[in-house]
Amino acid sequence: MRIHLFNGGKIQVKRSPKSGDFENRLYTSPHNKNNAVISAPPQMTRPLVQLRFRDSYYYSNIINNVIDHDFDYLVTLDEFFGDSKHAYLARPFKKHSALHQFIEYTISRLLSEDSDNIDLERRQKMAEHYSPEFKEILGFDPTALPINEALNHYGIPHQSFKDWLTESGKTFSTATEDDLDDYQSDLPWNQDAAYQALISKCTDEVFFILFQNRALLLKFNDMVAKYIRETDLEYIDNELREYFASSSTLKRASIPQWVKRAVFFRDRGLCSLCQSDQSGLINIGDAEHYDHVVPLARGGLNDVSNIQLLCSSCNLSKKGGPPKTSDFYEAWYSKDEDP
Ligand SMILES: [Zn+2]
C-alpha cells in the first residue's frame with residue numbers, strides 16, 4: 001500500500017508548471033495568493049534545487065525502508081550491487097554520488113511498478129463516462145498514465161500515451177493491454193531524454209531530503225560497505241581496480257572542497273557527535289575533521305554521503321572504530337524559551 005506523507009507529498013505543488021524555470025521558482029500558496037511568495041534571485045552560480053515534491057517523500061520513505069530492512073524489501077539489492085556492480089561506487093567523490101545512484105535505481109524500479117498496476121479498462125470507462133468539465137474538476141485525466149502525470153508535473157515535454165495511440169491510428173477507448181505495455185516499456189528508450197530528466201529531477205529532490213539524515217546515511221553506507229568488503233578484484237574492471245587498496249577496502253582519496261562545504265553546511269558547523277561549534281575554530285582545509293562515517297578500513301566509501309564533520313577530539317576517539325554518528329540536529333528554534 002502506498003503511504004503518502006503530507007497530503008500525498010504534494011504540499012507545495014505549483015500547478016501547471018509547463019514552462020522553464022525562473023518563474024517557477026516563485027511559489028505562492030494556493031490558499032492565499034497574496035501571501036507567502038518566496039523568491040530566489042536568478043544567480044547562476046548558486047546550486048539551486050527546485051522542489052516540486054511529486055512523490056518525493058513517498059520515494060524517500062521507501063528508500064528508508066529498503067535500507068532499514070535490507071533484503072526484505074521490494075527492491076532486489078543484489079540487482080543493484082551484485083555481479084561486482086558495486087565496484088562502480090568505488091570511484092572517489094563523484095558529484096553523482098553513490099546515494100544518487102541508489103535513489104535513481106529505486107525510483108526507476110518504483111516507476112516501473114506503477115506502470116504494472118494500471119487498470120486500463122477502468123480508465124477507459126472513466127474516459128467514456130466523465131464529461132471534460134467533470135475531469136477538469138476532478139483534476140484527473142484518465143488517459144494520462146502515471147508516467148505522463150509525473151512528466152507533466154515537472155513540465156517535461158514528451159509524447160503522451162494518448163498521442164502515441166493517435167500516431168499509431170488508435171484511440172484510447174480501443175487501446176489494449178499490449179498497447180499499454182508497449183508504450184510504457186518503450187518510453188525509457190524511445191523518450192530517453194524525457195525519462196532521464198524525470199528521474200534526475202526526482203533524484204535531486206529525494207537526495208535533498210535524505211542527505212540531511214545522517215543516521216540513514218550511516219545505514220546506507222554500512223550496507224554498501226558489506227559489498228565492498230566482499231569484492232573479488234578478479235571480477236572488476238582494471239580501471240576500477242586502482243581505487244581499491246585491497247580486495248576489501250578502498251584507497252584513501254583527498255576530500256574535495258565541495259564535499260567539505262556540503263558537509264559543513266549540512267552539519268551546521270557542529271561536530272556530528274558532541275555538537276560542539278566548529279564554525280569559529282575549524283580550518284576548512286583541514287581534512288582531519290572530515291570523518292568517514294563508515295571507515296575505509298571497514299569497507300567505507302569515498303562518497304559525500306559517507307562524510308561528517310567532527311571536532312578533533314571526537315575524530316581522534318572515533319578513528320578506526322565502528323561507524324558512528326548521532327541523530328541530534330540543531331532545531332530551527334527552541335519552543336521552550338520565552339518569546
Ligand atoms: Zn566532537
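Across the chain of this predicted model, pLDDT, which is the predictor's confidence in each residue on a scale from 0 to 100, averages 82, and 82% of the residues score at least 70. Because the model is predicted, local features need a pLDDT of at least 70 and side-chain atom pairs count only at pLDDT 80 or more, while totals for chains, interfaces and linings use all residues. Residues are numbered from 1 along each chain as its sequence is written.

| Stretch | pLDDT | Contacts beyond four places in sequence |
|---|---|---|
| Residues 1–27 | under 50 | 38 contacts |
| Residues 29–37 | under 50 | six contacts |

Where pLDDT is low, the predicted coordinates should not be read in detail.

A residue counts as buried if 20 or more other C-beta atoms lie within 10 Å of its own, as exposed if 12 or fewer do, and as partly exposed in between; buried residues make up 28% of the 339 residues in the chain. A nonpolar core is a set of buried Ala, Val, Leu, Ile, Met, Phe, Trp, Tyr and Cys residues joined through C-beta atoms within 7 Å. The largest such core has 43 residues, and those touching the most other members are Tyr59, Ile63, Leu99, Ile103, Val206, Phe220 and Val224. Domain 1 (75–100 + 220–339) and domain 2 (112–202), whose bounds come from an automatic or database domain assignment, both give residues to this core, so it lies between them. A second, separate core of 10 residues includes Val259, Val263, Val304 and Ile307.

Note on methods:
Contact = placed C-beta atoms within 7 Å.
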